[in-house]
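Please look at the sequence and the 3D structure below before reading on.

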Amino acid sequence: MGFATGFASLDVSLDALREVAAAVPADAWDRPTPCARWNVAQVLRHAAGDQLGFAAFLTGGQGPDFDPFDPSAEGGADIPALVERAVAASAEAWVAVDPEAAKVAVPVPPNEMTARLGADACALDAAVHAWDVAVAIGRPSPLTPELARELKAAAVRFVEPLRAYGAYADVVPGEDGDPVADLLRYLGRNPSL
């Protein structure tokens, strides 16, 4: 089942996050990920919390009932269901947003963006964490060159101020013309994992 939010990159990214969460083997929750201090369970809980945060900002509703920046490392069958609920809530919230809106509330500072940039920020979070988990469990990358180009164009508009707070690692040096690798390096990830 695909999403139809009115924001194509967001639809693809939410699907990728949901699919990778459902594909985690029972013995893989504690595997390390490209997110230095977090295992698979933590990355997926964090990503779900972020999606619930976007939904809450857009609707004025309740956000996650846990701290997405201090997620539990314990694995379990509840995680795919949590991710499913979170991406569904996010998609439902974005469906109600006019793609041409000049301002929408988002959990990413400065907490207001155009609808398109906000949707891309939400998509970036889902897609990159889907990549983190895919790498950890040995699945193919959910990032395509087209998606990576679009998300990188958005990322350069809001990532830099967040690096100072540890939300993103330093840029990983390198250049090879690959849009996926370029996006991952910009976000502080090693694309050769």
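The text that follows describes helices, their contacts and selected residues in turn.

The structure is a predicted model, in which local features need pLDDT of at least 70 and side-chain atom pairs count only at pLDDT 80 or more, while totals for chains, interfaces and linings use all residues. Residues are numbered from 1 along each chain as its sequence is written, and side-chain values use heavy atoms, with hydrogens and water left out.

Helices (H or I, at least four residues) and strands (E, at least two) are DSSP runs, numbered from the N terminus. Helix H2 covers residues 40-59, which is 20 residues, and its span from the first C-alpha to the last is 29 Å, close to the 28 Å expected at 1.5 Å a residue; the expected span is 1.5 Å times one less than the number of residues. Is H2 largely enclosed or largely open? Of its 20 residues, 17 are buried, so H2 is largely enclosed by the rest of the structure. Here buried means under 20% relative accessible area, exposed means over 50%, and partly exposed lies in between (1.4 Å probe, protein chains only).

Both ends of H2 have a local feature that can be found in the model. At the start, a side-chain oxygen of Asn39 comes to within 3.1 Å of the backbone nitrogen of Ala41. After the helix comes Gly60, which has a positive phi, near 80°.

Two packed helices are described by the angle between their axes and the distance between the axes. Axes are lines fitted to C-alpha atoms, for helices over the stretch in contact, and angles run from 0 to 180 degrees between N-to-C directions. H2 and H3 pack at an angle of about 25°, and their axes are 8 Å apart. That angle makes H2 roughly parallel to H3, where angles under 35 degrees count as roughly parallel, over 145 as roughly antiparallel, 65 to 115 as roughly perpendicular and the rest as oblique. The residues that make this contact (heavy atoms within 4.5 Å) include Leu44, Ala48 and Leu52 of H2 and Leu82, Ala86 and Val87 of H3.

His46 is buried, with a relative accessible area of 6%. Leaving aside neighbours within four places in sequence, His46 is in contact with Trp38, Pro68, Phe69, Pro71, Asp125 and His129.

On the H4 side, the contact is made by Leu117, Asp120, Ala123, Leu124 and Ala127, and on the H5 side by Leu147, Glu150, Leu151, Ala154 and Ala155.

What covers the buried residues of H7? The covering elements include H4, H5 and H6. Seven of the eight residues of H7 are buried, so this helix is largely enclosed by the rest of the structure, and the buried ones include Pro179, Leu183 and Tyr186. At the start of H7, a side-chain oxygen of Asp178 reaches to within 3.1 Å of the backbone nitrogen of Val180, and just after H7, Gly188 takes a positive phi of about 85°.

## Residues in loops

Most residues other than glycine have a negative phi, and most peptide bonds are trans. In the loop between strand E1 (104-105) and strand E2 (112-113) lies Pro110, and a cis peptide bond joins Pro109 and Pro110, with omega about 15°. Asn111 is found in the loop between E1 and E2 as well, and Asn111 has a positive phi of about 75° although it is not a glycine.

| Residue | Relative accessible area | Class |
|---|---|---|
| Val97 | 11% | buried |
| Asn111 | 31% | partly exposed |
| Val171 | 44% | partly exposed |

Val97 has its place in the loop between helix H3 (78-95) and E1. Val97 and Thr59 are 38 residues apart in sequence and 9.7 Å apart in space, C-alpha to C-alpha. Not counting residues up to four places away in sequence, Val97 touches Phe7, Leu58, Val104 and Ala115.

Val171 is found in the loop between helix H6 (160-163) and helix H7 (179-186). Not counting residues up to four places away in sequence, Val171 touches Arg163, Arg185 and Tyr186.

Methods:
A polar contact is a pair of N or O atoms within 3.5 Å; within protein, one must be able to donate a hydrogen and the other to accept it, and residues adjacent in sequence count only if both atoms are side-chain atoms.
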